[in-house]
Each structure stands twice: as structure tokens, then as C-alpha cells.
Amino acid sequence: MPDATGLELIAQRVREGVGDEAVTGTLYYRRHATLDVAPESVRDVIAYLRDRDEEPWERLMSVHGVDYLPAEPRLGVHYELLSMERADRLNVRTRVGVDDPRVPTVVDLHPTADFQEREVFDMFGVVFEGHPDMRRILMPEDYEGYPQRRDFPMGGEPVIYTFNEPKLPRWYD
Amino acid sequence: MTDQPLSVPYRERERSVTMEPLGEEHDELLTINIGPHHPATHGVLRLLTTLEGEIVRDVKPIIGYVHTGIEKSCEDQQYWKVIPFVERMDYLSYYFNAMVFCMAVERLLEEEVPERAQWLRIIHLELNRIASHLFWIATAALDIGAITMLWWGCRDRDLALDLFEMSGGQRFHTRYFQVGGVVEDIPPGFEEQTRKFIATMYVRIEQYLSLLDRNEIWLQRTKGTGIVPVETLLALGVTGPLLRAAGHPWDLRKAMPYSGYEKFDFNIPVGSHGDNYDRFRVRIEEMRQSLRILEQALDGLPEGPYITENRKVALPPRHELATSMEALIHHFKLVTEGFRVPPGETYAAIESPRGELGCYVLADGSSKPARVHMRDPSFVNLQSLPEMARDHLLADFITCVAMLDPILGGVDR
């Protein structure tokens, strides 16, 4: 991980390379360096970090979705960047509200984001604009709601067996 | 049929099949569905395959059939009760799932793991890596038609499971790793049994190679199939043996050591062509290197506590409960409420048998995690299947699935 100073230097370079409003903050917590980014400039920041930064972060290892329920904006999308050359990690985080959450896709920069962005869409409802195949991936295609949101209740959904199928009228609607 | 040996090699006999598109009059594409219940899909994986004749032109993996919402269930469990849940994600490498979750929580708690616990973890991780690779080679060889290997692989994996039963009481999903260390010290006799296992495995690996590596059918089926350029693999986020078989020596045990791996002397095997044969050889060699790590870990196993002394995180020893009121209170608090983790988030990653296994944990200050997300290597690696199988014969496509080694419990979680 870059240390707290290194993180500030990265943030400074991103501000110069992409724009002042792109970086909204930095967080260094428990050896985990996080760069907070405005949702509309996620793509630009990740493209800048991949191609133009003097210390490039050329690999995207993971995309996480997360719901910070009491906090606003509620939803977060994390991009875990990796530099194989320096064996170092950087986390880029963006926050979006729960109403009509939209983030530009990074699939064309990092093809690995294909499944992972679909998973975030499936679980949290964050729409990745420009993704070639923005469909649910783990839940059934006709499923309603976004199950990993914190206000989505656990359980309460009937499990369909042969014996109770007639008792659950038109569950297939 | 004659008793003569194969004068014309397997590939040559299919000379009528061409890998090139057939042209205007033959460009009819056939879409067939493989799975979700098909023995060669290694679980409930559905593959929507577009064929031109016998050539695979495109594959769309469709997943989610064993999605059980484990990540959602984790949000309703105390930290120490999450461990059995995450172990059931990638059900062949349960020690790794527990390890990465514990690492993430320990990082949030800033909890130091005693050295003996780290070494015990490494012993179990490497045993689990061998067990996972053994099951892989058993099923992969079965897909190619070498059924003997299935019995051999499962037989020898049982030896590793016996060791898990000895140390943790269970053969699968042992819940042996705890936040702060391991649940119990290894019992007397464990070391001796493990040394026996190591000695056996060196011989058995030679036997596998003599069964497969000199088998003409195996070589013809695996050599030169499923090649993906290393740049494509990197862009797709593929890690683990698949990446190393393509010649990229990326292994988190060496690159970003955790749990004391930097103290061990082992090599990272890499392939040269990146075909299915290299994937097979890399995994075989990884088993040998795991045996080397095991030998060193048993030789140098340090003395000391096997779990952290911090009573706010780890249960007090059983005998203290009878004499110490404080131990009783700690025990009661830990079992009823669990320990609290200060608010924050982190990402930990380790090298599982299939690649980078990452765990993101968000703590909100309570005794339950607000979010647990696993970056499962099978889930990410599955994206490279279309690249591997494209413009190959349908039979080679099955080989590619076998050599990709996806565990659907980990893909769907």
C-alpha cells in the first residue's frame, strides 16, 4: 500500500491530470489507501491511473459494491487497483445516492470488470453506463429489488417446493 | 479393428475438420445449451455454446444457479460466526476462505497473530492446496476420459482430509481458523502423520505423472489447446495457475507475502506455452512446492500460543473458566454478543489454489459486519473461458472447462 503521504501525492497528480473536482478526498486506514472520486469521473480517474500516471496502476483486481446505510450518499463502488510491478494496491471509491445510481463503466479499460459490474448492478442496482450487457448475473432475471442493500429484508421469501407450489398463487407472475 | 498402433495421430485423423470459417454456404451456426446439470460442467454451470459444425465459435457462461446469498447471510452473523459461512463459498478451499476473512478482520482490529498460529495456518493452507489440486486433477482427468485418475486423486485427497479431521475435528469446513489464530493446537501425532503424508505424496505425484504424462491421449488432448495470450489473461483479471501457466510468475505468496510466507523457501512454477498441458504441469509442480513448504513448516514450527492472548477477541482457555471470574465474563461476552470491530473497511487478498482470493469487509462498529464481499478467483477466471474455447473443437472446450477449474460454489456464493 502507498502510505498516507504517497496517497496524497497520487491524489495531487490525479487532480492535475483529470481535474480538481475529480478527487473528493483521501482516506488512509489500517494500511488501506482509498482515493475518493466523484462518480462521473471514475472512468477518467481509472484511465489516468492506468495509462498516464508516473506510477501506473495497470490492473483492476476487484469491484465491490457496498451500502453505507445511515450515511449519505448511501451506495459505494470500490475498485481495487493493483500494480504488479511495485506489488502495491490502491482503492478507488465512489459514492452514489440510492435514487437512480449511475456510474460510468470501466469495462473497456479493464475487461475483468464485466462480471463484477454486473454483480454490483445485480446486488445494489448501480447502473454502469456504457456496459455492453447490463443484466442481472446471480439472481434470476425477473427478480425485483436489490438484495444486498441494507434495507432489503433477510428471509421472508417462500421457497417453492412441489407441495407448496399450489398454495402460493401465481408466484411466477 | 486391427491391433496396429495408431499410425495416424489423433489430430491428423480429423483432417476433414478445418478450424477456418467454412464460407458463405456453410456458415450455419448452431446454438446448443450445455448444463446446468451436466457432468462436465463441474457444478451447476450453464454454457450457451454457439457451434459451427464441431467448432466452438462463442460461449456464454450463465451462472447463479447455486447463489445462496452467503454474503447477505454474513451481515446477520457475528464476526466469529461468519467463518463457517464463508468456508462454504469455495467448498474445495475452505481454509483459504476462512483465512482471508480472518485476515481482513484482524487488520481492522489491528490484532497480531502469534507466530505459531501463523505457521499452523500455513500448514493447513498448503495441505488444503494439495487437497484442492488433487480433486482438480481427479475431475479434470475424468473429463478427458482417464477414470483411473479419479480414484487415485480422491484416494489421496482422503489422506489430507484425515489430517484435517485430526486437527479440527471435521473433514470439510473445519472452522479451524479463528480471528487471532487457530482454534486449537495440533494434536500429538499430527506431525508424524503429516510427514507420512508428505512422503506418500512425493511418490504418488510421480505415479500420476507416469499415468498421465506419458499417455498419448492425454498429451494430444491437452497440448496446444486453450492457449490465451498472457496480455488477454491479465486484462481479464485471471490469476493463479492459469496465469502462471502462461508464463507470468505472479503469486501473492511471493509478491505480497502474508502470514509469514517470506520465511519459506519455495519456487513458483511457470509454463511456457499457456496451453492446457502447461496448466496441468504447473498445478502438479505446485503440489510439490506445497510439500516443500509443509516440510519446512513442520521442521521449524515455533513454540508459543496458537491464538492471540487478547481476551476481547479470542475465547479464554477452557480450564480458566473454573478459576477465573474474568475469564468467565469474557467467555460469556464473546459467545453471546461477539467482539466489536471499530468502524472502517479493508481489503485482504491471499493466493488460493485458483488465484487471488480477496475479501472486503466493512465494519460499522457493531459485532456484525456491514458487508462481506469475496473476490472469488473462480468468478473472475470464468470470464476467460470464451477466449480459451473459441475456435476449438467441442471436445477441447470440455478440456478447457476442466483445466480452468471453476468451483461453482465460489462463483455464485
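## A walk through chains B and A

Start by selecting B:Cys359, which stands opposite B:Met374 in β8(B). A word on the names: helices (H or I, at least four residues) and strands (E, at least two) are DSSP runs, numbered from the N terminus. What you have open is a predicted model, in which local features need pLDDT of at least 70, side-chain atom pairs count only at pLDDT 80 or more, and totals for chains, interfaces and linings use all residues. Residues are numbered from 1 along each chain as its sequence is written, while chains are lettered from A and ligands numbered from 1 in the order in which they are written.

**Stop 1: the sheet of chain B**

Now show β7(B) and β8(B) whole. They pair in the antiparallel sense over six bridges. Two strands count as paired if DSSP finds at least two bridges between them. In general, strands of a sheet pair through backbone hydrogen bonds, either parallel or antiparallel.

You now have an open sheet of three strands, ordered β6-β7-β8, with antiparallel pairing. β6 and β8 of chain B stand at the edges with a single partner strand each, so one side of each has no neighbour in the sheet. From one strand to the next, the twist averages 15 degrees. Angles here run from 0 to 180 degrees between N-to-C directions, and axes are lines fitted to C-alpha atoms, for helices over the stretch in contact.

Next, select α3(B). This helix packs on the sheet and touches β6, β7 and β8 of chain B. Its direction makes about 145 degrees with that of β6(B). Contact has a cut-off: the C-beta atoms of two residues, placed from the backbone, lie within 7 Å.

**Stop 2**

Show the side chains. α2(B) brings B:Tyr79, B:Val82, B:Ile83, B:Val86 and B:Glu87 to the contact. α3(B) brings B:Tyr94, B:Asn97, B:Ala98, B:Phe101 and B:Val105. Sorted by class, the residues of this contact are eight nonpolar, one polar and one charged. Ala, Val, Leu, Ile, Met, Phe, Trp, Tyr, Cys and Pro count as nonpolar, Asp, Glu, Lys and Arg as charged, and the others, Gly among them, as polar.

**Stop 3: where the chains touch**

Bring chain A into view. 31 residues of chain B are in contact with 27 residues of chain A. On the chain B side, the elements that each supply at least two residues include α3 (94-109), β6 (344-352), β7 (355-363) and β8 (369-375). Color β7(B): the largest share of that side, four residues, comes from this strand. Color by class next, and that side of chain B has 13 nonpolar, nine polar and nine charged residues.

**Stop 4: one glycine**

Select B:Gly153, in helix α5 (residues 147-168) of chain B. Is B:Gly153 buried or exposed? B:Gly153 is buried, with 23 other C-beta atoms within 10 Å. The rule is that 20 or more other C-beta atoms within 10 Å of a residue's own make it buried, 12 or fewer make it exposed, and anything between is partly exposed, with C-beta atoms placed from the backbone. Leave aside neighbours within four places in sequence, and B:Gly153 is in contact with B:Leu134, B:Phe135, B:Ile137 and B:Ala138.

**Stop 5: chain A**

Switch to chain A, with its three helices and seven strands. Buried residues make up 39% of its 173 residues. Its C-alpha trace spans about 65 × 30 × 30 Å along the principal axes.

Select β1 (residues 23-29) and β2 (residues 32-37) of chain A, which pair in the antiparallel sense over six bridges. Within this pair, A:Tyr28 stands opposite A:Ala33 in β2(A). The two strands form a hairpin with two residues between them. Click A:Arg30 in the turn: its phi is positive, about 50 degrees.

Now widen the view. An open sheet of five strands runs β1-β2-β5-β4-β3 in chain A, with mixed pairing. β1 and β3 (59-67) of chain A are the edge strands, each pairing on one side only. The twist averages 20 degrees from one strand to the next.

Finish with helix α2 (residues 42-52) of chain A. This helix packs on the sheet, touching β2, β4 and β5 of chain A. Helix α3 (residues 113-124) of chain A packs on the sheet too, touching β3 and β4 of chain A.
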